[in-house]
Amino acid sequence: LTLVKAWNTDELQGYADLVSLGTPDFIEIKGVTYCGESKASSLTMENVPWHEEVVSFVRKLAEMLPDYELACEHEHSNCVLVAHKKFFIDGAWH
């Protein structure tokens, strides 16, 4: 799931419904990467969420999904991994 600020960051319930329907093991949520101006896109740097905004989105989403939890994050990549809790065994993610 790629977050694009001002495009899809307010659709938490829809994404929670989609996850509940598909019951994936893992969900990678990342901020969009801006690659410069293009006639094919109107995106700007204003559409790139800060890592803290991505983490906030993920925490809110996980609150809506009792079987999922934030498993790890990589700030430099602006990426967060959400995992099904069945992979959290003996206090560690597997």
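## Exercises on a predicted chain

Ala 6 is exposed, with 69% relative accessible area; in these exercises a residue is buried under 20%, exposed over 50% and partly exposed in between (1.4 Å probe, protein chains only). Residues are numbered from 1 along each chain as its sequence is written, and side-chain values use heavy atoms, with hydrogens and water left out.

**Exercise 1. Describe the overall build of the chain: which elements follow one another from the N terminus on, and how much of the chain is buried?**

Solution. 
- Step 1. Assign the elements as DSSP runs, with helices (H or I) of at least four residues and strands (E) of at least two, numbered from the N terminus. The chain then has two helices and six strands, in the order β-α-β-α-β-β-β-β.
- Step 2. Determine the extent. The C-alpha trace spans about 50 × 25 × 20 Å along its principal axes.
- Step 3. Of the 94 residues, 33% are buried. The accessible surface (Shrake-Rupley method, 1.4 Å probe; for residues, only the protein chains shown count as cover) amounts to about 6200 Å², with 55% belonging to carbon and sulfur atoms.
- Step 4. Examine the contacts, defined by heavy atoms within 4.5 Å. Of those between residues at least 6 apart in sequence, 61% join residues at least 24 apart.

**Exercise 2. Work out the sheet: in what order do its four strands lie, and which strands form its edges?**

Solution. 
- Step 1. Apply the pairing criterion: two strands pair if DSSP finds at least two bridges between them. In general, strands of a sheet pair through backbone hydrogen bonds, either parallel or antiparallel.
- Step 2. Follow β4 to its partners. Strand β4 pairs with β3 (residues 68-74) in the antiparallel sense over six bridges, and with β2 in the antiparallel sense over five bridges.
- Step 3. The four strands form an open sheet in the order β1-β2-β4-β3, with mixed pairing. Strands β1 and β3 are the edges, each pairing on one side only.

**Exercise 3. Find the salt bridges: how many does the structure hold, and where does the partner of Lys 5 lie?**

Solution. 
- Step 1. Two salt bridges are found.
- Step 2. Take the pair with Lys 5. The side chains of Glu 53 and Lys 5 meet at 3.2 Å (N to O). Glu 53 lies in helix α2 (residues 51-63) and Lys 5 in the loop between β1 (2-3) and α1 (12-22), so the bridge ties together parts 48 residues apart in sequence. Glu 53 is partly exposed at 34% relative accessible area, and Lys 5 is partly exposed at 24%.
- Step 3. List the surroundings of Lys 5. Leaving aside residues up to four places away in sequence, Lys 5 touches Glu 46, Asn 47, Val 48, Pro 49, Trp 50 and Glu 53.
- Step 4. Take the other pair. Asp 25 and Lys 86 meet in a salt bridge at 3.0 Å (N to O). This pair links Asp 25, in the loop between α1 and β2 (26-31), to Lys 86, in the loop between β4 (79-84) and β5 (88-89), 61 residues apart. Asp 25 is partly exposed at 32% relative accessibility.

**Exercise 4. Examine the backbone at Ala 6 and Asp 90: in which loops do they lie?**

Solution. 
- Step 1. Recall the background: most residues other than glycine have a negative phi.
- Step 2. Consider Ala 6. This residue has a positive phi of about 75 degrees although it is not a glycine, and it lies in the loop between β1 and α1.
- Step 3. Consider Asp 90. This residue, also not a glycine, has a positive phi of about 50 degrees. Asp 90 is in the loop between β5 and β6 (92-93) and is exposed, at 79% relative accessible area.

Key: Predicted model: local features only at pLDDT ≥ 70, side-chain atom pairs only at ≥ 80, totals over all residues. Salt bridge = Lys/Arg side-chain N within 4 Å of Asp/Glu carboxyl O.
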